Amino acid sequence: MGIGGIIGAGIFTLTGQVARDVAGPAVVVSYVVSGVVCALSALCYAELAAMIPVSGSAYSYTYATLGEFAAWMIGWDLILEYMVGAASVAVGWAGYLGFFLKSASNGSIVFDPNLSTAPISWDEDAGAFKKTGYAFNIPAFVGTIVLTIILASGVKLTAVVVNVLVVVKVIIVLMFIFGGIKYTNGANLQPFSPYGGDGIFKGAITVFFAYIGFDAVSTTAQEAQNPQRDMPIGIIGSLAICTVLYVAVCLVLSSLLPYTKISVDAPVASAIVDAGGPSWFGTILALGALAGLTSVMMVSLIGQPRIFRAMAYDGLFPKAIAYIHPKTKTPVVTTCITGIITAFCGGLLPIDVLANLTSIGTLLAFLLAAVAVIVLRIREPERERPFKVPGGVIGGYVWPLLAIASIIVLIIKGGTTATVLRVVIWLAIGLVVYFCYGFWFSKL
């Protein structure tokens with residue numbers, strides 16, 4: 001479950017962009033840094049999931065421990081995470097779709113860049129957005145709208161489909177690693193860290209997106225036969241395996257081509273072809289990536305409306321937001337709102353801006369989860385905990401504090417001022433919404 005939940009959009013879509021523009025071949029170190037931060041946060045998540053009998057999300061945990069206001073802020077933050085995260089996946093999905101159609105048709109079907117590229121990009125040196133000269137990313141927009149219609153109509157991801165897609169994702173990653181080795185050239189790994197330590201930390205912020213999903217393990221703590229033993233194994237084991245796979249993918253990718261020549265649109269599929277591999281192999285990799293990314297998009301578009309609904313149930317949003325269609329049994333209003341906003345974000349914004357917003361938003365959610373563990377240790381030390389952060393009484397404070405410190409360091413070292421400012425503005429808007437509505441109509 002953990003490996004299936006983690007492997008997804010990040011490795012297929014972000015590795016190329018980070019290797020080319022942010023960290024160089026040292027993207028492998030960026031993945032290790034993000035994995036360590038995730039491991040510390042995951043242990044905190046697991047303790048909360050085991051002791052609080054509610055649906056597993058940072059919103060629920062925060063509501064139960066830190067109260068309504070903190071829960072509202074983290075819920076508002078999660079709205080950003082899910083919607084912008086789904087938009088990031090949509091942009092990556094569009095890139096692989098374009099590569100697949102071009103490869104499968106021997107070049108007969110090629111997307112017009114004007115209609116498949118975001119109209120703006122972020123210039124880090126200038127600290128401002130600039131026009132790309134293109135109009136809109138129509139494939140990302142249309143793909144998101146189609147999936148939204150499918151989900152609003154009541155179609156669900158069955159367990160069998162999810163498991164099949166998980167297997168497909170893992171197979172594609174392994175195919176790339178072992179199939180790409182013969183085309184690698186060690187000289188392409190030099191210089192290893194062309195952007196220095198700052199590039200590694202900035203890369204870590206961006207690729208943190210690749211680890212989102214580990215909470216699938218932490219939220220099963222109540223179901224484990226021996227949670228005190230099984231949860232650390234499940235969490236650390238999943239993260240360790242995924243980190244090894246990610247490092248292997250990055251090493252192969254960076255060895256296939258000089259980092260400056262790696263494609264951003266469909267890096268896993270295009271790099272092998274560009275390095276001299278057969279085009280049919282790139283086509284298979286692109287098709288598999290498309291299947292995996294589609295499942296990730298669906299999961300995000302399913303999860304976000306449920307958070308909307310939970311917040312509406314608590315009175316923080318109008319009750320109409322939580323409307324369930326009598327026939328489809330889906331939260332059709334929130335599904336449509338989420339899908340439309342996500343589609344426009346995917347059509348208008350570049351993937352690096354979207355991924356960084358998602359990562360910062362997620363890190364804030366993890367930060368509050370770690371704070372919640374400490375608060376509960378102080379307020380309710382005798383409360384039953386099926387799983388406890390390792391290390392006894394001292395560990396119960398040390399590990400959450402390490403999680404908090406690592407998140408803060410990662411944001412300070414890797415987060416750009418512009419990205420943090422965007423999140424702050426989003427949270428400020430959330431404050432206005434809360435005090436105009438939620439404060440007066442909440443159930444508390």
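A residue counts as buried when its relative accessible area is under 20%. Cys44 sits at 1% relative accessibility, so Cys44 is buried. Keep that cut-off in mind, because buried means under 20% throughout this report.

Before going further, a word on confidence. What you see above is a predicted model. The mean pLDDT of the protein chain is 85, and 91% of its residues reach 70 or more. Among the elements of the chain, helix 6 (residues 138–152) has the highest mean pLDDT, at 93, while helix 9 (residues 215–218) has the lowest, at 56. Where pLDDT is low, the predicted coordinates should not be read in detail.

Back to the cysteines. There are zero disulfides in the structure. For Cys44, the nearest cysteine sulfur belongs to Cys38 and is 12 Å away. Cys345 is in no disulfide either, and its nearest cysteine sulfur, that of Cys336, is 16 Å away.

In soluble globular proteins, nonpolar side chains tend to be buried together.

Take Phe12 as a way in. Leaving aside residues up to four places away in sequence, Phe12 touches Tyr96, Lys169, Ile172, Val173, Pro267, Val268, Ala289 and Leu293. Two residues on that list, Pro267 and Val268, are also among the buried residues of helix 11. Helix 11 (residues 267–274) is mostly covered, with six of its eight residues buried. Besides Pro267 and Val268, the buried ones are Ala269, Ser270, Ala271 and Ile272. Helix 11 is followed by Gly276, which has a positive phi, near 110°.

Next come the aromatic rings, and there are 23 aromatic pairs to look at. A pair of aromatic rings is described by the distance of the centres and the angle of the planes. Here are two of the pairs:

| Pair | Distance of centres | Angle of planes | Kind |
|---|---|---|---|
| Phe69 and Phe435 | 6.1 Å | 35° | tilted |
| Tyr437 and Phe441 | 4.5 Å | 25° | stacked |

What separates Tyr437 and Phe441 in helix 16? They are four residues apart, so about one helical turn lies between them. Tyr437 counts as partly exposed, at 25% relative accessibility.

Ring pairs also build a cluster, made up of Phe69, Trp72, Trp76, Phe308, Phe317, Trp426, Tyr434, Phe435, Phe439 and Trp440.

One last stop is Phe209. Is Phe209 buried or exposed? Its relative accessible area is 8%, so Phe209 is buried. Phe209 lies in the loop between helix 8 (196–207) and helix 9.

Note on methods:
Residues numbered from 1 in each chain as written. Predicted model: local features only at pLDDT ≥ 70, side-chain atom pairs only at ≥ 80, totals over all residues. Heavy atoms only, no water. Buried < 20%, exposed > 50% of the residue type's maximum accessible area, 1.4 Å probe, protein only. pLDDT = per-residue confidence, 0-100. Phe/Tyr/Trp six-rings, centres within 6.5 Å; stacked < 30°, edge-to-face > 60°. Disulfide = S-S within 2.5 Å. Contact = heavy atoms within 4.5 Å.
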